[in-house]
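Dear colleague,

I am passing on the structure we spoke about, with my notes set out below it. Please read them with the model open beside you.

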Amino acid sequence: MHPALADELVEVIDEPNLTAKELRPSSTKLCRWACSKPGCPGRWKATPDQRSRRGGTGKRCPACHPPRKSRTQP
């Protein structure tokens, strides 16, 4: 797993005994993450595969990177 992502891993939800060293970036195991930015309260669930996708498509901290609004929404 990427070192920056490993720092944000809180737990593997269904297998809490697994560590970041044991997970592959392509893993589909659901994990709980905590933002590494100082003072940020962001926590969310995602798989390592979702977090490590190239091109910014991975799930990031919802507090630091809120979802974009659709152009069709007012």
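Is Lys59 buried, partly exposed or exposed? With a relative accessible area of 39%, Lys59 is partly exposed. Please keep in mind throughout that this is a predicted model, and that the values below are computed from it.

To begin with the overall layout, the protein chain has 2 helices and 3 strands, and from the N terminus on these elements follow the order α-β-β-β-α. Of its 74 residues, 30% count as buried. Among the contacts with a separation of 6 or more, 26% are made by residues 24 or more positions apart.

The largest nonpolar core has 13 residues, of which Leu9, Leu23, Cys31, Trp33 and Trp44 touch the most other members. The elements that give two or more residues to this core are β1 (9–12), β2 (31–34) and β3 (43–46). In soluble globular proteins, nonpolar side chains tend to be buried together. If neighbours within four places in sequence are left aside, Leu9 is in contact with Thr19, Ala20, Leu23, Cys31, Arg32 and Trp33.

Arg51 deserves a paragraph to itself. This residue is found in helix α2, which spans residues 48–51, and Arg51 counts as buried because its relative accessibility is 11%, where the cut-off is under 20%. Arg51 lies over the face of Trp33, at a distance of 4.7 Å from the ring centre, while the side chain of Arg51 also reaches the backbone oxygen of Lys59 at 2.6 Å. Beyond its neighbours within four places in sequence, Arg51 is in contact with Leu5, Glu8, Trp33, Trp44, Ala46, Gly58 and Lys59.

Lys59, with which I opened, is found in the segment after α2. Leaving aside neighbours within four places in sequence, Lys59 is in contact with Trp44, Lys45, Ala46, Gln50 and Arg51. The C-alpha atoms of Lys59 and Asp49, which are 10 residues apart along the chain, are separated by 9.3 Å.

A polar atom of the Ser52 side chain lies 3.0 Å from the backbone oxygen of Pro25, and the side chain of Ser52 reaches the backbone oxygen of Pro48 at 2.9 Å. With neighbours within four places in sequence again left aside, Ser52 is in contact with His2, Leu5 and Pro25.

Finally, there are the cysteines. How many disulfides does the structure hold? The structure holds 0 disulfides. The closest cysteine sulfur to that of Cys40 is in Cys64, at 3.6 Å, which is too far for a bond because a disulfide needs the two sulfur atoms within 2.5 Å. For Cys61, the closest cysteine sulfur is in Cys40, likewise at 3.6 Å and too far for a bond. Cys40 counts as buried at 19% relative accessibility, and Cys61 counts as buried at 4%.

With best wishes

Conventions: Residues numbered from 1 in each chain as written. Predicted model: local features only at pLDDT ≥ 70, side-chain atom pairs only at ≥ 80, totals over all residues. Heavy atoms only, no water. Core = buried A, V, L, I, M, F, W, Y, C linked by side-chain atoms within 4.5 Å. Buried < 20%, exposed > 50% of the residue type's maximum accessible area, 1.4 Å probe, protein only. Helix = DSSP H or I, 4+ residues; strand = E, 2+ residues; numbered from the N terminus. Contact = heavy atoms within 4.5 Å. Lys NZ or Arg CZ within 6 Å of the ring centre and 35° of its normal. Polar contact = N/O pair within 3.5 Å; in protein donor to acceptor, adjacent residues only side chain to side chain.
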